[in-house]
Amino acid sequence: MTVATLRPRERRLLIIGGIAAAVVLGYMYVVEPLVARHERVRTLIASRENLLTRQQRLVARRERFVQERKALQAELTQRRARLLPGDKPPLAASELQKLVKATAEDTGVEIRSERILPTTERGGYAEVPVEVTLSGPIRSIVSFLYRLEGVPVQVSVQDLKLRVASIGAPREILATLALTGYIATGSPGEPRPSGPGRTPGA
């Protein structure tokens with residue numbers, strides 16, 4: 001039986017069946033793969049956008065961390081710039097004594113006695129304390145303490161005791177001070193400061 005011998009109704013059914021088969025096959029082999037591919041591409045784009053967002057956040061955090069690290073390094077450099085000269089406590093204590101003597105001379109205060117106190121380690125720094133007894137008028141003692149705050153290195157007053165030098169001279173004061181300077185003990189490989197520096201808490 002050929003197409004020519006088919007009745008018109010049978011030919012229409014045959015044509016309709018062929019069209020339906022073509023539609024089904026086209027959907028199965030063309031439309032479905034395209035839809036699946038489009039879904040995969042959309043999912044991939046979404047995941048790449050999420051990844052890009054995370055990377056942008058990481059970059060922003062990295063820039064902030066870099067800025068914070070630079071600020072911390074600058075602060076550390078500033079602090080180390082005010083440490084006592086020398087990397088050994090005896091040398092640092094000697095430098096602190098020289099500083100105290102120079103400040104006393106400038107303010108008209110007499111040093112009656114001085115002694116080096118035991119050094120204390122403070123996690124990367126060492127406290128180098130000295131005790132001095134000064135004699136002079138009240139104004140001179142006050143001027144000495146004021147000038148001590150402006151010296152190039154950080155000096156902390158840990159203890160201060162005042163008493164009258166004698167009953168006959170009530171304006172003459174004896175002041176005993178425990179003064180502390182600082183040096184960096186540091187971590188292995190860290191450079192030692194060669195000039196004045198600063199205490200960790202300054």
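## Surface and overall make-up

Accessible areas here come from the Shrake-Rupley method with a 1.4 Å probe, and for residues only the protein chains shown count as cover. By that method, the protein chain has an accessible surface of about 14,100 Å². Carbon and sulfur atoms own 58% of that surface.

This is a predicted model, in which local features need pLDDT of at least 70, side-chain atom pairs count only at pLDDT 80 or more, and totals for chains, interfaces and linings use all residues. Residues are numbered from 1 along each chain as its sequence is written, and side-chain values use heavy atoms, with hydrogens and water left out.

## The fold in outline

The protein chain has 3 helices and 5 strands. Helices (H or I, at least four residues) and strands (E, at least two) are DSSP runs, numbered from the N terminus. Along the sequence, the pattern reads α-α-β-β-β-α-β-β.

The chain has 202 residues, and 26% of them count as buried. Buried means under 20% relative accessible area, exposed means over 50%, and partly exposed lies in between (1.4 Å probe, protein chains only). Contact means heavy atoms within 4.5 Å. Take the contacts between residues at least 6 apart in sequence: 68% of them join residues at least 24 apart.

Strand E3 covers residues 125–137. Of its 13 residues, 11 are buried, so E3 is largely enclosed by the rest of the structure. Two strands pair if DSSP finds at least two bridges between them. E1 and E3 run antiparallel, joined by 6 bridges. On this side, Glu114 stands opposite Val132 in E3.

Strand E2 (residues 120–121) also runs antiparallel to E3, with 2 bridges. Here Thr120 has Glu127 of E3 as its bridge partner. The hairpin of E2 and E3 has 3 residues between the strands. In this hairpin, Gly123 takes a positive phi near 60 degrees.

## The nonpolar core

In soluble globular proteins, nonpolar side chains tend to be buried together. A nonpolar core is a set of buried Ala, Val, Leu, Ile, Met, Phe, Trp, Tyr and Cys residues joined through side-chain atoms within 4.5 Å. The largest such core has 24 residues. Leu84, Leu96, Leu134, Phe144, Val155, Leu177 and Leu179 touch the most other members. Helix H2 (89–107), strand E3, helix H3 (138–149) and E5 each give two or more residues to this core. H2 supplies the largest share, 6 residues.

Look at Val155. Beyond residues up to four places away in sequence, Val155 touches Leu96, Leu99, Leu148, Leu179 and Thr180. Thr180 sits in strand E5 (residues 169–184). Thr180 counts as buried because its relative accessibility is 2%. Its contacts, leaving aside neighbours within four places in sequence, include Leu96, Glu127 and Val155.

Val109 lies in the loop between H2 and strand E1 (110–116). With a relative accessible area of 8%, Val109 is buried. Among its contacts, with neighbours within four places in sequence set aside, are Ala104, Leu134, Ser140 and Phe144. Val109 and Arg139 are 30 residues apart in sequence, yet 9.7 Å apart in space, C-alpha to C-alpha.

Ser140 belongs to helix H3. Ser140 is buried too, at 15% relative accessible area. Residues up to four places away in sequence aside, Ser140 touches Thr107, Gly108 and Val109.

## Salt bridges

Side chains of opposite charge can pair when their charged atoms come close. A salt bridge is a side-chain nitrogen of Lys or Arg within 4 Å of a carboxyl oxygen of Asp or Glu. The whole structure holds 6. One joins Arg42 to Glu39, with the closest N and O atoms 2.5 Å apart. Arg42 and Glu39 are 3 residues apart in helix H1, so about one helical turn separates them.

Another links Arg147 and Asp106 (3.3 Å, N to O). Arg147 lies in H3 and Asp106 in H2, so this pair ties together parts 41 residues apart in sequence. Arg147 is partly exposed at 38%, while Asp106 is exposed at 51%. Glu110 and Arg112 form a further salt bridge (3.7 Å, N to O).
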